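Here are some notes to read alongside the model.

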Amino acid sequence: MIKALVNTNIVLENGILWDGIILISEDRILKIGKPEDVEIPQDAEITDCGGAYAGPGFVDIHVHEGGGFSTCFEPERAAEHFLRHGETTILATPSYDLNFDEMVRAIRTIKEAMPKAPTIKGMYMEGPYMNPKYGSHAYQNPWRHPICEEEFKTLVDEAGEDAKIWAIAPEREGILPFLEYARKVNLDTVFAVGHSEALPSQIRGLGKYRPTLQTHSMNATGRLPVSGGTRSFGPDEYCFKEPDVYCELISDSFGIHVNSEMQQLLLHTKGIHRIVLITDSTVYDEPVPEKFAHVTDLNFDAEGGIAGSKLTMDIACRNIMTHTNCGIAQAFIMASLNPAKVIGMDDEIGSLEVGKRADIVLVDDRFNVKQVFLGGKLV
């Protein structure tokens with residue numbers, strides 16, 4: 001059965017095809033084009049998209065929890081929640097505040113769920129070997145002790161090739177043996193600099209293991225002090241400067257994680273093709289500080305610090321348009337194509353192209369999700 005999506009504005013990597021048609025065969029995109037260029041088979045199943053934008057399913061590579069469900073301990077329920085918001089690919093993300101036994105249990109639970117939750121494509125390991133001074137709930141970080149080979153080998157072996165990304169602090173003593181072993185177990189794993197105050201020399205000092213991604217840019221980072229009141233140079237500036245490094249961005253509604261002006265600076269500095277929108281979605285029960293009483297899409301820790309978000313990727317796309325004045329096509333690049341490239345899956349997902357998986361989300365001009373297709377099936 002051929003499926004035809006008609007009356008839709010198709011968001012492509014290089015622009016928008018107005019009033020286009022998408023043909024789907026099984027789980028693949030068969031053809032994309034204008035009505036006069038696409039012949040729809042007589043027995044095709046036709047979906048009138050009502051003028052909605054058709055874009056590639058969102059790829060959320062950094063997501064802990066959502067809809068009240070943990071991507072680590074209730075991964076199938078969490079995946080369902082994000083799929084309703086157009087997220088056709090996610091990386092389940094264990095938190096750095098899990099202790100050793102909890103992290104092993106999280107890894108095993110995610111791996112067991114992946115065959116039943118097709119949107120979960122692996123794990124984003126946010127830690128454990130980051131700088132314990134930074135991040136929400138830093139006061140209860142259980143990873144302050146020296147890096148232990150027996151410990152990290154167990155974690156790496158448990159995660160295996162499903163650990164798509166490991167976030168680390170380059171300044172941690174003993175980090176290099178961990179990186180060497182993680183890359184030995186999974187040649188394709190990506191390293192991210194996160195929760196760090198590393199000097200550029202420390203990041204460069206990792207050589208072939210140096211990070212190509214920054215964990216939630218401008219969040220949970222520090223800079224070592226310098227004399228004379230001048231501004232020091234830390235992980236944020238390093239990642240801004242390095243042309244091949246991708247920067248994750250949490251774009252919440254009020255620009256609290258990253259101020260609107262800083263989001264504009266990041267877009268200006270890195271360009272559309274090196275920014276990765278993430279939700280960093282979490283679930284916490286701590287009270288909202290009074291000064292943030294008006295905020296609806298953030299979570300907080302017991303000390304009033306920001307603890308991730310309540311975002312889904314459709315809302316993050318709307319927010320980035322609000323804060324930076326980018327367009328719909330640019331938002332899709334940051335929410336779909338770039339994260340797919342980071343995890344090496346852009347030959348399958350991340351953009352609408354003939355031969356790629358038919359993971360498609362239909363949205364209006366405010367990124368309200370209308371319909372979601374996963375592998376060509378309406379979900």
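A salt bridge is counted here where a side-chain nitrogen of Lys or Arg comes within 4 Å of a carboxyl oxygen of Asp or Glu. The model is a predicted one.

1. Glu-237 belongs to helix H6, while Arg-223 sits in the loop between S13 and H6, so the pair ties together parts that are 14 residues apart in sequence. Glu-237 counts as buried, at 15% relative accessibility. Arg-223 is partly exposed, with a relative accessible area of 29%. The pair also belongs to a network of salt bridges that links Arg-223, Arg-231, Asp-236 and Glu-237.

2. Other charged pairs. The structure holds 14 salt bridges. One of them joins Glu-76 to Lys-116, the closest N and O atoms lying 3.5 Å apart. Here Glu-76 comes from helix H1 (residues 75-83) and Lys-116 from the loop between H2 and S10, so the contact ties together parts that are 40 residues apart in sequence. Glu-76 is partly exposed at 33% relative accessible area, and Lys-116 is exposed at 55%.

3. The S2-S3 hairpin. Strand S2 (residues 15-25) and strand S3 (residues 28-33) run antiparallel and are joined by five bridges. Within this pairing, Ile-22 stands opposite Ile-32 of S3. Two residues lie between the strands, and Glu-26 takes a positive phi near 55° in this hairpin. Arg-28 forms a salt bridge with Asp-27, the closest N and O atoms being 3.5 Å apart. Arg-28 counts as partly exposed, at 26% relative accessibility, and Asp-27 likewise counts as partly exposed, at 27%.

4. The parallel sheet. Eight strands form an open sheet with parallel pairing, in the order S6-S9-S10-S11-S12-S13-S14-S15. Its edges are strand S6 (58-63) and strand S15 (275-278), each of which pairs on one side only. Gln-214 stands opposite Cys-247 in S14.

5. Helices across the sheet strands. Helix H2 (residues 100-113) lies across strand S9 (87-92) and strand S10 (120-126). The angle between H2 and S10 is about 165°. Helix H4 (residues 175-185) lies across strand S11 (163-168) and strand S12 (190-193). For H4 and S11 the angle is about 175°.

6. The buried face of H7. Which residues of helix H7 (residues 260-270) are buried? They are Gln-263, Leu-266, Leu-267 and Lys-270. Viewed down the axis of H7, these buried residues fall within an arc of 95°, so they line one face of the helix. An α-helix has 3.6 residues a turn, so residues three or four places apart point the same way. Glu-261 and His-268 are exposed on the other side of H7. The packing partners of the buried residues are helix H6 (235-241), S14, S15, helix H8 (313-324) and helix H9 (328-342).

7. The ends of H7. Asn-259 caps the N-terminal end of H7, with a side-chain oxygen 2.8 Å from the backbone nitrogen of Glu-261. Just after the helix, Gly-271 takes a positive phi of about 85°.

8. Is Leu-206 buried or exposed? The cut-off for buried is under 20% relative accessible area, and Leu-206, at 8% relative accessibility, counts as buried. Leu-206 is found in the loop between helix H5 (200-204) and S13. Setting aside neighbours within four places in sequence, Leu-206 is in contact with Ile-168, Pro-170, Ile-175, Leu-176, Leu-179 and Pro-211.

Notes. Residues are numbered from 1 along each chain as its sequence is written. This is a predicted model: local features need pLDDT of at least 70, side-chain atom pairs count only at pLDDT 80 or more; totals for chains, interfaces and linings use all residues. Side-chain values use heavy atoms; hydrogens and water are left out. Two strands pair if DSSP finds at least two bridges between them. Helices (H or I, at least four residues) and strands (E, at least two) are DSSP runs, numbered from the N terminus. Contact means heavy atoms within 4.5 Å. Axes are lines fitted to C-alpha atoms, for helices over the stretch in contact, and angles run from 0 to 180 degrees between N-to-C directions. Buried means under 20% relative accessible area, exposed over 50%, partly exposed in between (1.4 Å probe, protein chains only). The arc is that of the directions from the helix axis to the C-beta atoms. A polar contact is a pair of N or O atoms within 3.5 Å; within protein, one must be able to donate a hydrogen and the other to accept it, and residues adjacent in sequence count only if both atoms are side-chain atoms.
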